[in-house]
Amino acid sequence: MNAVKFLFAAYIITWVIHSFYLGSLVRRFSRLREQLKELQKK
Amino acid sequence: MNSLWTLTLATLKKDIRLEWRSKDALNSMLFFSLLVVVIFAFAFDPLAEESRHIAGGLIWVAFLFAAVVALNQTWARELRNQVLDAYRVSPAPANALFLAKALGNFLFVSVLEALMTPLFVVFYNLHVLGPAWQLIPIAILGTWALVVNGTFFAAMSLRTRSREIMLPLLLFPISIPAVLGMVAGTTAVLTGDNPAHFYIVLLLTYDVVFTTACLGLFETILHAE
Amino acid sequence: MKRLFPILSVVTAVLLAYALYLALVVAPTDAQQGDVYRIIYYHVPSAWTAFLLFLINFVSSIVYLIRRNPKADMLALVCAEVGVVFCTVVLVTGPIWARPVWGIWWAPGDIRLTSTLVMWLIYVSYLVLRRFSTSAQTQILAAALAVFGALDVPLVYFSIWFFRTQHPQPVIGGGGSMDPRMLHVLLINWLAFLCFAFLVCWSRFRLELLHREVEEAHAMQSLAGDGVGARASVPLSRSQK
């Protein structure tokens, strides 16, 4: 039973890592779109 | 081919002459090497039974740090005097410049190693249990492995922020197989437990592969600055 | 093309869920390791995906060095970045698997995990170069580094392999053949992660296109003599935003 803890930890951490990366992509996207909007306004 | 070597030797001689005249860099690096050995002697108990097993690793880590300090100023003089621009415009083969720098670094780091080794032998009471002559190809091939890539990455780091940290950052990961070869080979010879042949072959392969890669891509890098 | 992305996202999500179900429920329990071995269904596909991405990085870098095609350079960057993410997963799940099975987190002679660590280091250094380089030709430098990195990988593998034969150590993840049912589940999980990787790379590629568009807009503005634009263009580093 103790060992199964590691199994779930591994699966969860995998998706945590992927979520962090996807989150950073979303953040970069919104920041760039804002910048583009500002530049196109001028 | 002839002109490549003539040019390489001419550039190398010039560099040696300049270094010898200034001697500042030389002296400070010699002292740095000594400091590294002493710090290691304090950090890792030299009287311990297993010292022979770890000495190989310690020596090469010390050499690695000394080499990085030396490599970091490889191109400093060229950068100060806009020599690189002159080289880009001239018809001279870029590889001559690279080889001259790499050979110069090789000589310089070898001098550092020659000075640090007796200190290690003294501090760690080393005597070699395996075939001692094998340490020579290991030292030559290992040093060249560090220097050839180090000279190349030093050129790549010229136009980066935090240039001094960029060199080891690029050099260390790529050098791992060579470091493994140097350390394991040296330990094998020191302890006499295992044959060091494969490590010598590994280092030779590494040197051939990366010397070719450096010579092949240096011109591209030079023009990319 | 625009509609393909959401459709593919749904397909991938379904595939991932199905693969997870197979991994946790359908796959037989291992005789020696019990249920913990199921980590393999995330660990190994991530490794294979990372290797594939790094291979694509190598090929695109060569293409870029020969042809100077900007799309090749963007592909190299994208694959390196996503590859590092998958590689991180491998390096984290590996020790988590090793601990309950072997009692140790890490074995330096474990050829697969150690080679993966070195690969991770090489490609992180590639990404650092891309971020820190101020040269106008960062792409060329990065492509050269990618070539060096790729040449290094087999050398890393063999150096550790020989080191192991002299210093035998446990191999985390085990060797030997696999139950065909387990192999089947493994391949399905790999397929699911490949689709996922493809989507992530596609998104990152679009982000890179947007980034270059913004940089161009900045440049146009500076050229137009707008002082504000020139000032604002400084913070953007070369290609890593």
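Trainee: Let's start at a single residue. Which residues does B:Leu190 touch, leaving out those up to four places away in sequence?

Mentor: B:Leu190 touches B:Arg52, B:Ala55, B:Gly56, B:Leu126, B:Val128, B:Leu129 and B:Gly130. Keep in mind that this is a predicted model. As for its own place, B:Leu190 sits in helix 8 of chain B, residues 163-191.

Trainee: Is B:Leu190 buried or exposed?

Mentor: The test is a neighbour count, with 20 or more other C-beta atoms within 10 Å needed for "buried". B:Leu190 has 24 C-beta neighbours inside 10 Å, so it counts as buried. It also shows how sequence and space part ways: B:Leu190 and B:Leu135 are 55 residues apart in sequence, yet their C-alpha atoms are 8.8 Å apart.

Trainee: Okay, and how do I read a nonpolar core?

Mentor: The general idea is that in soluble globular proteins, nonpolar side chains tend to be buried together. Here, the largest nonpolar core holds 138 residues, and B:Leu203 and C:Leu145 have the most contacts inside it. Helix 3 of chain C, residues 70-102, gives this core its largest share, 19 residues.

Trainee: What does B:Leu203 touch, not counting residues up to four places away in sequence?

Mentor: B:Leu203 touches B:Ile138, B:Leu141, B:Gly142, B:Ala145, B:Ala178, B:Gly181 and B:Met182.

Trainee: Some of those numbers look like helix spacing. What's the rule there?

Mentor: An α-helix has 3.6 residues a turn, so residues three or four places apart point the same way. Keep that in mind for the packing of helix 3 (residues 51-72) and helix 7 (residues 135-156) of chain B.

Trainee: At what angle do helix 3 and helix 7 of chain B pack?

Mentor: The angle is about 35 degrees, with the axes 10 Å apart. The crossing of these two helices of chain B is right-handed. Helix 3 of chain B brings B:Leu64, B:Ala67, B:Leu71 and B:Asn72 to the contact, while helix 7 of chain B brings B:Leu146, B:Val147, B:Gly150, B:Thr151 and B:Ala154. By class, that contact has six nonpolar residues, three polar and no charged.

Trainee: Let's zoom out to a whole chain. How many helices and strands are there in chain C?

Mentor: Chain C has seven helices and zero strands. Of its 241 residues, 41% are buried. Now look at the contacts in chain C with a separation of 6 or more: 77% of them join residues 24 or more positions apart.

Trainee: Now the interfaces. Which chains share the most contacts?

Mentor: Two pairs of chains are in contact, and chains B and C share the most contacts. Chain A and chain B do not touch, and their nearest C-alpha atoms are 22 Å apart.

Trainee: How many residues do chain B and chain C put into their contact?

Mentor: Chain B puts in 27 residues and chain C 28. On the side of chain B that touches chain C, the elements giving two or more residues are helix 8 and helix 9 (197-223). Helix 8 of chain B gives the most, ten residues. That side of chain B divides into 18 nonpolar, six polar and three charged residues.

Trainee: And what about chain C with chain A?

Mentor: That contact takes 27 residues from chain C and 20 residues from chain A. Helix 6 of chain C gives the largest share of the side of chain C that touches chain A, ten residues. By class, that side of chain C has 13 nonpolar, seven polar and seven charged residues.

How values were computed: Residues are numbered from 1 along each chain as its sequence is written. Chains are lettered from A and ligands numbered from 1 in the order in which they are written. This is a predicted model: local features need pLDDT of at least 70, side-chain atom pairs count only at pLDDT 80 or more; totals for chains, interfaces and linings use all residues. Two residues are in contact if their C-beta atoms, placed from the backbone, lie within 7 Å. A nonpolar core is a set of buried Ala, Val, Leu, Ile, Met, Phe, Trp, Tyr and Cys residues joined through C-beta atoms within 7 Å. A residue is buried if 20 or more other C-beta atoms lie within 10 Å of its own, exposed if 12 or fewer, and partly exposed in between; C-beta atoms are placed from the backbone. Helices (H or I, at least four residues) and strands (E, at least two) are DSSP runs, numbered from the N terminus. Ala, Val, Leu, Ile, Met, Phe, Trp, Tyr, Cys and Pro count as nonpolar, Asp, Glu, Lys and Arg as charged, and the others, Gly among them, as polar. Axes are lines fitted to C-alpha atoms, for helices over the stretch in contact, and angles run from 0 to 180 degrees between N-to-C directions. A crossing is left-handed if the near helix is turned anticlockwise from the far one by less than a right angle, and right-handed if clockwise.
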